[in-house]
Amino acid sequence: DPLKNTFDIHGGGIDLVFPHHENEIAQSEGASGQPLARTWMHNGFVNVDNEKMSKSLGNFFTVRDVLKKFDAQTLRFFIVRTHYRSPLNYSDVHLDDARGSLMRLYTALDAVAPETLDAIDWTESHAARFKAAMDNDFGTPEAVSVLFELAGEVNRQRSGELAGLLKALAGVIGLLEREPTVYLRGGGATAGGLDETAIERMIG
């Protein structure tokens, strides 16, 4: 019976801690004599205008709705710059701000071509701090701050090696995976935005 085994990670919304997960622990551990989970991860609510997003309040939206207006990279960046246990305050203004911030990182890679790294050197100072942040309860806000520090160094030193490290570290959390020129030209817009062909057609 797989439910007699200990899970590596178990979680859900912060509202499930009591009574659902406490009951689950009591029943499962009482039956099996084994810890239910090694790590518990509970995410904060998504808020809209400081109210919890819910169907009953009529302030509900889907990822598909958001992707009609914003690029998937922008949405991912918007999410990871807030700790997963904290409330996430959704608004178009916040997503616009996330898009502008992400463009700063892409601008660094557009100005300095990143070298391809065989592997991340985790003893390098930026990499070490990035790893420490991620090891500390998936601390993505601190990890993102390291990316911005590194982008500043890329701009100052014009170092392809540091640009490669920036791209590699960002890739750990699924960021900076698009071609910088493509992202910047689209302004972080959704796939429905203008591409180069469309722009040339309008000019002509």
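# Helix α3 and its surroundings

Q: At what angle do helix α3 and helix α4 pack?
A: Helix α3 (residues 72-80) and helix α4 (residues 92-111) pack at about 105°, with axes 9 Å apart. The axes are lines fitted to C-alpha atoms, for helices over the stretch in contact, and angles run from 0 to 180 degrees between N-to-C directions. Helices (H or I, at least four residues) and strands (E, at least two) are DSSP runs, numbered from the N terminus.

Q: What kind of model is this, and which pLDDT do local features need?
A: The model is predicted: local features need pLDDT of at least 70, side-chain atom pairs count only at pLDDT 80 or more, and totals for chains, interfaces and linings use all residues. Residues are numbered from 1 along each chain as its sequence is written, and side-chain values use heavy atoms, with hydrogens and water left out.

Q: Back to the helices. Are α3 and α4 roughly parallel or roughly perpendicular?
A: Roughly perpendicular. Angles of 65 to 115 degrees get that label; under 35 is roughly parallel, over 145 roughly antiparallel, and the rest oblique.

Q: Which residues make the contact?
A: From α3, they are Gln 73, Thr 74, Leu 75, Phe 77 and Phe 78. From α4, they include Leu 95, Ala 98, Leu 102 and Tyr 106. Contact means heavy atoms within 4.5 Å.

Q: How many are nonpolar, polar and charged?
A: Eight are nonpolar, four polar and one charged. Ala, Val, Leu, Ile, Met, Phe, Trp, Tyr, Cys and Pro count as nonpolar, Asp, Glu, Lys and Arg as charged, and the others, Gly among them, as polar.

Q: Which residues of α3 are buried?
A: Gln 73, Thr 74, Leu 75, Phe 77, Phe 78 and Val 80. Buried means under 20% relative accessible area, exposed over 50%, partly exposed in between (1.4 Å probe, protein chains only).

Q: What do they pack against?
A: α2, β5, α4, α6 (140-157) and α8 (180-186).

Q: Which residue caps the N-terminal end of α3?
A: Asp 71 does. One of its side-chain oxygens lies 2.7 Å from the backbone nitrogen of Gln 73.

Q: And Tyr 106, buried or exposed?
A: Buried, with a relative accessible area of 0%. Tyr 106 sits in helix α4. Its side chain makes a polar contact with the side chain of Gln 73, at 2.9 Å. A polar contact is a pair of N or O atoms within 3.5 Å; within protein, one must be able to donate a hydrogen and the other to accept it, and residues adjacent in sequence count only if both atoms are side-chain atoms.

Q: New topic. How many aromatic pairs are there?
A: Five in the whole structure. Rings of Phe, Tyr and Trp (its six-membered ring) pair if their centres lie within 6.5 Å; planes under 30 degrees apart are stacked, over 60 edge-to-face and the rest tilted.

Q: Why is the pair of Phe 61 and Tyr 90 called tilted?
A: Because the planes are at 35°, with the ring centres 4.2 Å apart. Phe 61 is in the loop between β4 and α2, Tyr 90 in strand β5 (residues 88-90), 29 residues apart.

Q: What about Phe 78 and Tyr 90?
A: Their centres are 6.3 Å apart and their planes at 85°, so this pair is edge-to-face. Phe 61, Phe 78 and Tyr 90 form one aromatic cluster.

Q: Last one: where is Asn 59?
A: In the loop between β4 (51-52) and α2 (63-67). At 15% relative accessibility, Asn 59 counts as buried. Its side chain reaches the backbone nitrogen of Ser 54 at 2.8 Å.
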